[in-house]
Amino acid sequence: MDLKIKGKKAIMAGGSAGMGRATAERLAEAGVDLYITARREERLKNAAAEISEKYGTSVTPVVADSSTEEGRKALFAACPDPDILAITIKPPAPNGDFLKVTPEMWRDSIETALIGPIEIMRHYIPVMKDKGWGRIVNIATFSAKNPMIWRLMSGPARSALINYTASVSREIAKHGITINNLLPGMFRTEGASEILKDYADAFGLEPTPEAVSPHFLANNHIPAGFMAEADDLAPMAALLCSPLSRFIVGQNIVIDGGQHASLF
Ligand SMILES: NC(=O)c1ccc[n+]([C@@H]2O[C@H](COP(=O)([O-])OP(=O)(O)OC[C@H]3O[C@@H](n4cnc5c(N)ncnc54)[C@H](OP(=O)(O)O)[C@@H]3O)[C@@H](O)[C@H]2O)c1
């Protein structure tokens with residue numbers, strides 16, 4: 001399918017690994033010029049070079065932490081006028097006992113997973129409004145919709161994010177700008193393996209795959225029968241970045257292999 005975005009300019013904030021990188025690849029495949037960000041420079045530069053080489057598009061790496069004002073300024077300076085904005089961000093580690101979650105931990109979660117994406121959108125929406133077109137996609141989490149006791153540092157902030165985008169998307173749809181959110185379930189990514197130790201700590205397990213995997217699978221029934229790969233989300237992200245999705249406004253699409261049952 002031709003997504004009709006060849007030649008457009010896209011930002012994938014959080015594009016050096018996992019679902020962000022897979023989305024960057026799908027956008028590059030569709031012929032957009034990309035700006036990808038991350039905090040860790042080496043992996044970011046490698047990703048940019050690999051994507052550019054593979055798809056023959058321009059991919060500019062920008063070292064920028066989306067959760068800080070300084071990082072966001074670096075992104076705004078590098079790419080002042082994107083047509084497409086996709087954002088993902090790593091929230092703080094899984095919490096242990098909920099009674100031990102402190103105000104500082106809440107502030108960190110909100111600063112990262114809520115204020116970071118909001119401030120990036122708030123900066124670029126007027127730019128897209130001037131162009132009369134724009135696409136915004138947040139890759140957040142299914143725990144925004146389906147609370148999980150060990151993801152208090154991720155879900156609640158993203159519940160607020162999807163509440164914000166529900167309002168803002170309906171305010172700006174008349175300008176040809178859409179905002180939609182993807183809410184992933186369990187994906188086998190670099191990020192997921194990085195939180196293995198945190199998951200083990202949260203449940204008092206040994207931090208080994210042998211100890212964590214049975215606990216994880218016993219507590220997470222995935223009807224599809226497997227954990228997803230990053231590219232199980234990316235085609236949907238790319239579609240939401242296309243003119244073909246112009247009537248999809250303010251939606252939250254859960255991609256979780258059927259893990260959480262709900263009608264909407
Ligand atoms: N994997 C899962 O099973 C799962 C489940 C539910 C929800 N999610 C959510 O889905 C999203 C993507 O997860 P993933 O597993 O694909 O993550 P990942 O493999 O860790 O990739 C995240 C990407 O974003 C970058 N990034 C993270 N924080 C950033 C920040 N503050 N500023 C700029 N770049 C940042 C990372 O690079 P640097 O680290 O170098 O910055 C990396 O490029 C996350 O929001 C995660 O919470 C994942």
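## Before you start

What you're looking at is a predicted model, where local features need pLDDT of at least 70, side-chain atom pairs count only at pLDDT 80 or more, and totals for chains, interfaces and linings use all residues. Residues are numbered from 1 along each chain as its sequence is written, and side-chain values use heavy atoms, with hydrogens and water left out.

## The chain as a whole

Let's start with the big picture. The chain has 9 helices and 7 strands; helices (H or I, at least four residues) and strands (E, at least two) are DSSP runs, numbered from the N terminus. Its radius of gyration is 18 Å, close to the 18 Å that the globule rule gives for 264 residues, so the chain is as compact as a globular protein of that length. That radius is taken over C-alpha atoms, and the globule rule is 2.2 Å times the number of residues to the power 0.38. Along the principal axes, the C-alpha atoms fill a box of roughly 50 × 40 × 40 Å.

How much of the chain counts as buried? Of the 264 residues, 50% do. Here buried means under 20% relative accessible area, exposed means over 50%, and partly exposed is in between (1.4 Å probe, protein chains only). The chain exposes about 12500 Å², and carbon and sulfur atoms supply 56% of that. Such areas come from the Shrake-Rupley method with a 1.4 Å probe; for residues, only the protein chains shown count as cover. As for contacts (heavy atoms within 4.5 Å), take those between residues at least 6 apart in sequence: 75% of them join residues at least 24 apart.

## Around the ligand

Now for the ligand. There are 29 residues around it, and Ser16, Arg40, Ile89, Arg158 and Thr189 come nearest; to be near, a residue must have one of its heavy atoms within 4 Å of the molecule or strand in question. The residues of this shell divide into 12 nonpolar, 10 polar and 7 charged. In that sorting, Ala, Val, Leu, Ile, Met, Phe, Trp, Tyr, Cys and Pro count as nonpolar, Asp, Glu, Lys and Arg as charged, and the others, Gly among them, as polar.

Which atoms pair up with oxygen atoms of the ligand? In Arg39, a side-chain N or O atom is 2.7 Å from a ligand oxygen. In Ala17, a backbone N or O atom lies 3.1 Å from an oxygen of the ligand. Arg43 puts a polar side-chain atom 3.3 Å from a ligand oxygen. These are polar contacts: pairs of N or O atoms within 3.5 Å; within protein, one must be able to donate a hydrogen and the other to accept it, and residues adjacent in sequence count only if both atoms are side-chain atoms. On its own the ligand has 870 Å² of accessible area, and the protein covers 94% of that. Helix 1 (18–29) and helix 6 (190–194) are the elements that give two or more residues to the shell, with the largest share, 3 residues, coming from helix 6.

## A closer look at Arg43

Arg43 sits in helix 2 (residues 41–55). Is Arg43 buried or partly exposed? With 27% relative accessibility, Arg43 counts as partly exposed. Leaving out neighbours within four places in sequence, Arg43 is in contact with Ser16, Ala17, Glu190 and Glu194.

## Asn180, tucked into a strand

Asn180 belongs to strand 6 (residues 177–184). At 0% relative accessibility, Asn180 counts as buried.

Thr57 is in the loop between helix 2 and strand 3 (59–63) and counts as buried, at 10% relative accessibility. Beyond four places in sequence, Thr57 is in contact with Ala28, Gly31, Val32 and Ser52.

Pro92 is in the loop between strand 4 (84–87) and helix 4 (103–131), and at 15% relative accessibility Pro92 counts as buried. Not counting residues up to four places away, Pro92 touches Asp108, Ser109, Arg151 and Met153. Finally, Lys4 lies in the segment before strand 1 (9–13), and its phi is near 60 degrees, a positive value in a residue other than glycine.
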